[in-house]
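I opened the structure to look up how its parts touch. My entries follow in the order in which I made them.

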Amino acid sequence: MPLSFTIALAGNPNVGKSTIFNALTGTRQHVGNWPGKTVEKKEGTTRINDYEIVVVDLPGTYSLTAYSLEEVIARDFIVNEKPSMVVAVVDASNPERNLYLVAQLLELEVPVIVALNMSDVAHSRGLKIDAQELSKRLGGIPVVETIGNRSVGIDKLKRAIFELATREHPGIVPQIAYGDPLEAEIDALQAEIEQDELLSQTYHPRWLAIKLLEEDEDVTGRLAAGDHETVLLTARQAAQRILDCTGEDAETLIANRRYMFIGDVVSGAVVRPTTAVETRSDKIDKVVTHRVWGVPIFLLLMWILFQFTANVSTPLLDWIGGVVNGPITRWALAILDTLGVEGTWLAALVVDGIIAGVGGVLIFVPVLLFLYLAVAVLEDSGYMARAAFVMDRVMRLMGLHGKSFMPMMVGFGCTVPAVYATRALENEDDRKLTAFLTTFMSCGARLPVYVVFGAAFFGDKAGNLTFAMYVLGIATALFTGFVIKRIVYRNKPPQPFVLELPPYRLPTPTSVWLQVWENISEFLQKATTVILACSIVIWLLLALPINGDADSFNNVQPQDSVFGSLAGTIAPVFGPAGFDSWRTTGALISGFIAKEVVVGTMNQVYVGEAASSTPGEADKTNPFRDDVGEIVTGFGDAVILTAQEIVNIVPRTVNIIPGVHIPEADWLNQQEEKVGSSRLEGALVAAFERTAGSPDKGRLAAVAFNVFVLLYVPCMTAVAAMRQEFGTRWMAYQIVYTAGIAWLAAVIVYQGGLLLGLG
Amino acid sequence: MIIAQTTLDQLTPGQRARVKRIAGKGAVRRRLMDMGVIRGVEIEVVKVAPMGDPIEYLLRGYHLSLRRSEAQMIEIEDR
């Protein structure tokens with residue numbers, strides 16, 4: 001007997017499977033992806049006596065069919081990796097539907113332990129379950145009562161795992177009887193499969209026979225590819241005989257029989273209350289999905305979520321930005337100084353390439369922290385399913401799912417968390433399409449561009465430009481969703497919406513925190529490479545001279561660098577849109593690093609203001625101690641401001657009502673400093689006029705430029721997020737599509753405006 | 001002769017019915033069966049979403065939300 005073995009954890013969604021996983025493995029877990037898939041794979045280890053046990057958390061599924069990726073992953077793992085056993089987590093308050101998965105696990109002839117979870121909830125709803133009787137009726141497989149979120153029953157579960165693994169004779173897995181005429185056909189098919197050595201080694205013959213009769217696409221596909229035509233033919237004939245004989249297809253008959261088997265098991269082991277008790281969950285639901293109140297409550301919650309990702313995260317984000325650009329950069333310069341390489345290209349690479357890149361990753365941590373906190377609470381509480389229930393009708397217009405609304409809303413704050421927020425969707429296609437569309441929700445970093453241009457070209461009507469950009473973004477998302485649904489997904493069979501509305505639960509801090517931590521550490525691991533590479537490449541482009549003095553590497557004016565000449569080369573592309581100067585193009589290119597940079601770059605190239613004041617020149621007596629002090633007090637302030645922003649959600653929300661104004665809290669007396677950008681505004685008007693030819697044309701070109709900024713390729717962090725979630729190909733599609741549609745829209749605006757006589 | 005079949009989407013909140021069969025095929029039908037919507041099971045309409053679709057049902061002691069188009073696939077026994 002080896003001192004190490006693998007077990008798998010299976011169960012329906014919303015049954016507390018992850019609480020069992022966490023209780024078993026503690027902190028010894030690792031999150032990754034299933035090979036070649038975007039589905040998350042969690043693995044952990046636990047010790048029982050002298051045994052080291054690897055626990056693999058299978059995706060939460062209701063069944064083991066071939067129709068969903070998660071289900072294929074789960075059963076492939078059981079078939080191919082042959083774990084020593086499967087622990088099936090069963091929601092005690094909903095035994096029938098949960099046991100359906102157990103029935104299918106039994107068909108796979110893998111040893112099964114049932115963890116009857118949340119038995120406390122079942123009791124509170126008046127359900128009585130006799131675990132011993134349940135075990136007996138399931139043919140003697142162990143049944144252990146657990147309460148995962150309070151770690152109750154975990155020791156008993158471990159003991160059961162140990163006993164089953166060390167048992168001399170693994171015992172017989174109970175079989176479900178499918179009755180006539182199915183049973184005879186299964187037997188015959190099974191016998192034929194057993195003749196084939198390769199097949200019977202790979203699959204359990206009876207399971208394969210059942211799957212073939214169900215006409216399971218995945219299994220038949222694999223057999224067809226493996227040249228097993230005769231078995232497939234026999235199976236097809238058998239299925240036809242069943243249909244002729246009973247008038248129903250084998251798939252239906254088999255599902256019916258499984259539920260009959262479950263009915264028998266449950267009837268003797270579960271006592272339901274005679275009258276249904278109205279639970280607290282039912283009462284909450286009456287309000288939350290109310291005909292009138294449902295939508296306003298949903299919108300309010302989304303607004304709060306948006307506030308969390310967009311505003312509450314800002315103080316910590318600023319703090320991290322300040323620490324990276326201030327003290328950390330100063331320290332790095334000081335170290336480089338002592339190494340005697342100050343002022344060289346190496347120092348510049350470290351400061352402008354590497355530190356800036358890493359800082360670019362780190363500043364997203366607060367945003368993602370608040371996003372994942374909010375999402376974990378919405379998910380664990382059971383509200384997410386209700387959100388989908390309330391919004392499905394609207395989102396379907398775009399070919400999306402009710403759950404797609406939440407990521408779209410987050411997208412108005414920042415595209416990066418929006419892409420990750422699509423994880424709430426189960427279906428891969430829905431996830432991809434939703435993530436694809438979130439980039440058109442104008443993110444917070446694009447806003448300054450509209451504000452500066454609005455003030456420069458439209459004076460006191462500046463707000464109109466901003467409003468028009470938000471509307472255009474939503475319209476583009478609607479259009480894109482419609483096109484993708486009608487053209488790209490045209491031949492896709494309809495995906496089931498069929499959604500369980502789980503009972504409301506109070507989220508536990510441990511579970512919420514674990515989700516936040518897992519997601520953020522994954523982001524740090526995966527996004528860093530792309531972002532670091534991008535910022536080094538941009539730095540290099542800016543440092544390489546192409547005109548003028550050839551020796552001036554790392555010491556060139558932007559227009560003489562490769563960056564400048566690249567911008568100059570690309571610029572004519574924007575001729576039809578009216579803004580073909582290398583300066584605007586350069587601003588757009590740097591906007592790929594982060595949309596916040598667009599206005600900064602424009603300041604640099606139009607006004608000639610050195611935006612990056614060289615740090616480290618302050619004459620401090622003890623710079624190190626001052627820096628540490630700055631970091632600490634800065635953090636303290638950031639925490640206070642974060643709390644303030646949470647409080648400020650209330651006035652911001654109430655102030656939406658016309659005629660109401662509650663002042664926002666300002667605990668640290670930080671009046672909004674207005675950025676003095678009037679010089680930039682003047683320079684912009686002059687420059688756009690010059691490029692386009694006349695004041696009116698210049699204004700039109702400015703609008704076209706804003707349209708382009710709204711729609712074009714999101715920042716590199718968002719692109720990295722897309723790659724992490726959906727792979728390089730989807731990332732490429734997105735880059736090409738966004739660049740294309742942005743250009744097209746900008747040209748339409750400019751040329752259309754000219755035709756209408758606006759220029 | 002075509003006889004109009006009563007389907008689940010025609011019920012109003014509070015009404016119950018037993019399932020006769022699921023029409024159609026493919027992923028949606030399969031998912032419905034996996035969720036326990038099979039012949040003979042009793043389903044109650046709980047409520048309709050604010051915008052008229054989807055609809056919340058109660059079966060086997062749990063709540064399930066279906067789009068109207070999905071409920072239309074479920075044929076029910078006449079009472």
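**Entry 1: a loop residue.** I looked up A:Val173 and found it in the loop between helix 6 (154–166) and helix 7 (182–195) of chain A. Helices here are DSSP runs of H or I with at least four residues, strands are runs of E with at least two, and both are numbered from the N terminus. Leaving out residues up to four places away in sequence, A:Val173 touches A:Leu106, A:Glu109, A:Val110 and A:Pro111. Contact means heavy atoms within 4.5 Å. I also checked A:Glu145, which is 28 residues from A:Val173 along the chain, and the two C-alpha atoms are 20 Å apart.

**Entry 2: what I am reading.** This is a predicted model, in which local features need pLDDT of at least 70, side-chain atom pairs count only at pLDDT 80 or more, and totals for chains, interfaces and linings use all residues. Residues are numbered from 1 along each chain as its sequence is written, chains are lettered from A and ligands numbered from 1 in the order in which they are written, and side-chain values use heavy atoms, without hydrogens and water.

**Entry 3: confidence.** I noted a mean pLDDT of 86 for chain A, with 95% of its residues at 70 or more. pLDDT is the predictor's confidence in each residue, from 0 to 100. Over residues 609–619 of chain A it stays under 50, and the model has 9 contacts for them beyond four places in sequence. Where pLDDT is low, the predicted coordinates should not be read in detail.

**Entry 4: two domains of chain A.** The domain assignment gives domain 1 (4–166) and domain 2 (182–271); such bounds come from an automatic or database assignment. Their centres, taken over C-alpha atoms, are 25 Å apart. Domain 1 puts 29 residues into the contact and domain 2 puts in 27 residues. The buried area between them is about 2400 Å², and carbon and sulfur atoms give 60% of it. Buried area is the accessible area (1.4 Å probe) that two parts lose on being put together, summed over both. In domain 1, A:Tyr100, A:Glu107 and A:Arg137 lose the most area to domain 2, together 26% of what that side buries.

A:Asp76 and A:Arg222 meet in a salt bridge through their side chains (2.8 Å, N to O).

**Entry 5: chain B against chain A.** How many residues does each chain bring to the contact? Chain B gives 32 residues and chain A gives 46 residues. About 3600 Å² is buried between them, 55% of it on carbon and sulfur atoms. I found 9 salt bridges between the chains. The side chains of B:Arg29 and A:Asp249 form a salt bridge at 3.0 Å, N to O. Of the side of chain B that touches chain A, the largest share comes from helix 1 of chain B, with 8 residues. That side divides into 15 nonpolar, 6 polar and 11 charged residues. In this count Ala, Val, Leu, Ile, Met, Phe, Trp, Tyr, Cys and Pro are nonpolar, Asp, Glu, Lys and Arg are charged, and the others, Gly among them, are polar.

Key
A salt bridge is a side-chain nitrogen of Lys or Arg within 4 Å of a carboxyl oxygen of Asp or Glu.
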